[in-house]
Amino acid sequence: MTILDSRPELPSEKGSEVLLTERGVSIAPVDDLGEGRGPSWLDDWLSANGSEVIAWRRHIHAHPELSRKEYRTTELIGDVLRSAGLKPRVLPGGTGLVCDVGSGPRCVALRADIDALPLRENTGAPYASEVDGVSHACGHDAHTTVLLGAALALASATELPGRVRLVFQPAEEIMPGGALDVLAAGGLDGVERIFGLHCDPRLQAGRIGTRVGAITSASDLLELRLTSPGGHTSRPHLTADLVHALGTVITGLPTLLSRRVDPRSGTVLVWGAVHAGEAANAVPQDGVLRGTLRTGDRDIWAELEPLVKELVSSLLAPLGVGFDLHHRRGVPPVVNDRESTMLLRAGIEAALGEDALAGTQQSSGGEDFGWYLEHVPGSFARLGVWDGEEPPRDLHQPTFNLDERALMVGVRVMVHTALAALA
């Protein structure tokens with residue numbers, strides 16, 4: 001079943017005794033993860049193919065591709081799926097694909113994202129990114145590998161209780177996200193529920209964090225451009241003081257939002273860039289302010305755009321500057337359905353035992369998995385990838401890496417969750 005031309009040296013060979021333990025959770029080597037918690041065909045597949053799974057991940061990691069440019073990654077995924085007799089369908093944009101395993105009228109979906117970040121890697125790993133300025137610093141290489149493993153494990157079963165749709169999604173890292181590409185191509189047609197995992201470097205490998213309700217936040221981009229006649233700083237009363245106006249919005253808009261929006265919603269505005277002028281004694285004619293606006297409440301997200309415009313207008317009205325506000329709506333919050341989350345937890349328990357279950361907090365980060373949940377119920381969980389030894393390295397950092405034993409954990413959880421949902 002080898003798809004890659006060469007296989008990297010692995011951290012542990014078949015039959016090794018390397019274990020991870022935390023709160024009673026034992027993670028065995030790649031060929032025996034989960035201590036053989038059935039079904040038997042899954043145990044057999046994991047035992048035979050653990051090294052292959054790690055090879056996939058390292059190959060994808062070394063060859064990252066940016067959003068909507070994931071052509072080689074898509075080709076690799078397709079080759080692996082076809083090697084198991086499956087028939088993947090590439091999305092119309094040429095990157096990302098969907099594929100069904102099994103048969104029957106009932107269908108649940110499992111999703112992974114496949115794109116990388118425009119970020120230089122600094123891990124020093126022998127399989128580090130070979131693409132300058134691009135890396136899998138968000139763990140999408142692991143997500144892709146886990147879903148590939150789940151796909152081939154499911155394909156090895158003699159019979160499944162229904163269909164499992166595999167969604168290998170492009171362009172998660174850009175807004176409004178490649179989930180919309182999948183939806184536009186009918187990727188969720190006929191699907192009852194959808195499930196996904198995301199790496200969590202704060203959670204030890206072997207544990208899965210779940211949550212009912214919002215687990216990520218909506219994320220919008222704001223760009224405010226101001227204009228003024230300009231003038232001399234000695235005569236601000238004869239012009240419109242653009243820099244003062246920028247400062248008024250920088251401090252005033254977050255304050256006003258905190259009084260107009262329910263504080264329990266986790267709504268937060270943070271500015272990331274501001275620029276105006278060059279000379280210390282000249283009032284500039286134009287300036288720009290950019291930031292992100294996030295909220296954990298779906299209903300409040302729908303109301304933010306007109307509210308922000310109203311507040312900006314009221315702040316600038318006395319100052320005489322002109323403005324153009326571009327509010328780019330990003331992704332909705334990921335709000336986990338209760339029943340789907342219970343099915344996911346049942347899959348985790350079946351795969352790893354109840355001690356593998358962990359809670360997780362809502363993140364202020366955005367994730368376009370939320371678009372899927374606008375169409376079908378589902379649940380999104382955190383895959384522990386910390387090795388418990390080195391200090392955790394956060395996502396979107398050049399030093400982010402993961403404990404590869406988490407890959408087998410993810411495969412097992414995905415397979416058992418699909419089976420639980422179809423049952």
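In what order do the 8 strands of the open sheet lie? In this predicted model, local features require pLDDT of at least 70 and side-chain atom pairs pLDDT 80 or more, while totals for chains, interfaces and linings use all residues. Residues are numbered from 1 along each chain as its sequence is written, and side-chain values use heavy atoms, without hydrogens and water.

The order is β3-β4-β6-β5-β7-β18-β8-β17, and the pairing is mixed. Strands are DSSP runs of E of at least two residues, helices DSSP runs of H or I of at least four, both numbered from the N terminus; two strands pair if DSSP finds at least two bridges between them. Strands β7 (residues 194-204) and β18 (residues 378-386) are parallel and share 8 bridges, with H198 opposite R382 in β18.

Helix α7 (residues 338-352) packs on the sheet and touches β7, β8 (208-210), β17 and β18, contact meaning heavy atoms within 4.5 Å. The direction of α7 makes about 160° with that of β8; axes are lines fitted to C-alpha atoms, for helices over the stretch in contact, and angles between N-to-C directions run from 0 to 180 degrees. Helix α2 (residues 71-83) lies across β3, β4 (97-102) and β6 (163-169), at about 15° to β4.

W301 is part of helix α6 (residues 298-316). This residue counts as buried because its relative accessibility is 1% (buried, under 20% relative accessible area; exposed, over 50%; partly exposed in between; 1.4 Å probe, protein chains only). Leaving out residues up to four places away in sequence, W301 touches A218, D220, T295, R329, G330, V331, P332 and W371.
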